[in-house]
Amino acid sequence: MKKSLIAGNWKMYKTPAESINFVSELVKNIKSYEDRDVLICPPFTSLYPVSKIIKNSAVKLGAQNVYFENEGAYTGEISPLMLKDTGVEYVICGHSERRNIFGESDEIINKKVKKVVETGMNAILCVGEKLEEREKGETFNVIENQVKRCLEGFDKFENLVIAYEPVWAIGTGKTALPSQAEEVHIFIRELIAKIYNKDIAENLIILYGGSVKPENIDQLMKEKNIDGVLVGGACLKVESFLRIIDYRG
Ligand code: PGA
């Protein structure tokens with residue numbers, strides 16, 4: 001059975017001490033589910049202490065970024081081996097904030113995705129259009145280009161999750177309508193079926209991200225092609241994240 005994935009992207013929030021408090025409370029209060037996985041992606045400085053607390057719990061550990069070399073003179077970067085050794089199972093690649101604030105290109109994201117999977121972790125590839133692209137009717141084009149470029153040479157499709165995150169919905173409080181998200185998810189699934197095959201496409205987990213909150217999670221998860229969510233702001237409070245995890249889809 002394909003499990004859904006509820007992922008929290010903490011972005012640049014929470015010190016190690018705050019992270020420890022948050023995760024201790026999360027682990028204490030989370031219910032057990034057979035049909036969904038729960039993932040948190042804290043900042044690098046919190047990964048190690050958090051990994052100790054979630055060990056033997058239902059919560060998995062993810063990172064928000066990575067570099068695509070194992071080691072070397074790359075001041076300020078973190079390697080996939082370092083993440084793996086810290087207990088990280090998922091790495092977000094190509095979040096729109098990485099693309100738009102830090103200038104990450106599809107080529108760089110492609111190298112990251114491949115390296116993460118090669119290292120034995122799961123990559124969460126983020127794609128999404130900007131508002132002006134949507135308004136010009138370019139949404140599907142933009143998504144197709146991002147998916148194709150970021151997966152170039154990624155021949156054996158495995159350990160990959162795709163997150164559709166329309167840039168205009170991130171941190172803005174403006175959620176895509178469930179039907180708008182569903183339409184793009186179907187497009188992505190069909191594209192993956194064309195590039196790879198139908199089996200891979202059907203088993204692919206496609207997340208929606210962008211102003212997901214307790215008030216809209218149930219509606220989003222009712223859509224057939226939405227297999228989970230990537231949550232930013234609303235995952236920073238235990239109560240709100242627990243409600244999202246506890247969606248009724
Ligand atoms: P948001 O962020 O939920 O705060 O809109 C989502 C994301 O950036 O992954």
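1. Start with how H1 and H11 cross: the crossing is right-handed, a label used when the near helix is turned clockwise from the far one by less than a right angle, with anticlockwise being left-handed. Helix H1 covers residues 16-29 and helix H11 covers residues 238-245. (Helices are DSSP runs of H or I with at least four residues, strands are E runs of at least two, and both are numbered from the N terminus.) Keep in mind that this is a predicted model, where local features need pLDDT of at least 70 and side-chain atom pairs count only at pLDDT 80 or more, while totals for chains, interfaces and linings use all residues. Residues are numbered from 1 along each chain as its sequence is written, and side-chain values use heavy atoms, with hydrogens and water left out.

2. Now the angle. The axes of H1 and H11 come within 10 Å and cross at roughly 40°; axes here are lines fitted to C-alpha atoms, for helices over the stretch in contact, with angles from 0 to 180 degrees between N-to-C directions. H1 and H11 are therefore oblique to each other (under 35 degrees is roughly parallel, over 145 roughly antiparallel, 65 to 115 roughly perpendicular, and the rest oblique).

3. Who touches whom? From H1 come Phe22, Glu25, Leu26 and Asn29, and they meet Val238, Phe241, Leu242 and Ile245 of H11 (contact means heavy atoms within 4.5 Å). Sorted by class, that contact has six nonpolar residues, one polar and one charged. For the classes, Ala, Val, Leu, Ile, Met, Phe, Trp, Tyr, Cys and Pro are nonpolar, Asp, Glu, Lys and Arg are charged, and the others, Gly among them, are polar.

4. Compare that with H5 (residues 106-118) and H7 (residues 139-150), whose axes come within 8 Å and cross at roughly 50°. That makes H5 oblique to H7. On the H5 side you'll find Asp106, Glu107, Ile109, Asn110 and Val113, and on the H7 side Asn145, Gln146, Arg149 and Cys150.

5. Next, look at the largest pocket, which holds about 510 Å³ of space. (On a 1 Å grid over the protein atoms alone, a pocket is an open set of points with protein on both sides within 12 Å along at least five of seven lines, a cavity is a set where a 1.4 Å probe fits but cannot get out, and lining residues have an atom within 4 Å of a point; points are joined across faces, edges and corners, and a volume is the space filled by probe spheres set on them.) It has 20 lining residues, and Lys11, Met12, Gln64, Arg98 and Phe102 are the closest to its centre. Helix H4 (residues 96-102) gives the most to this lining, with four residues.

6. The second largest pocket has about 280 Å³ of space. Among its 21 lining residues, Lys11, Ile170, Gly171, Gly232 and Gly233 lie nearest its centre. Its lining splits into eight nonpolar, ten polar and three charged residues.

7. Finally, check two backbone spots. Lys14, in the loop between strand E1 (4-9) and H1, has a positive phi of about 85° although it is not a glycine. Asn56, also not a glycine, has a positive phi of about 65°.
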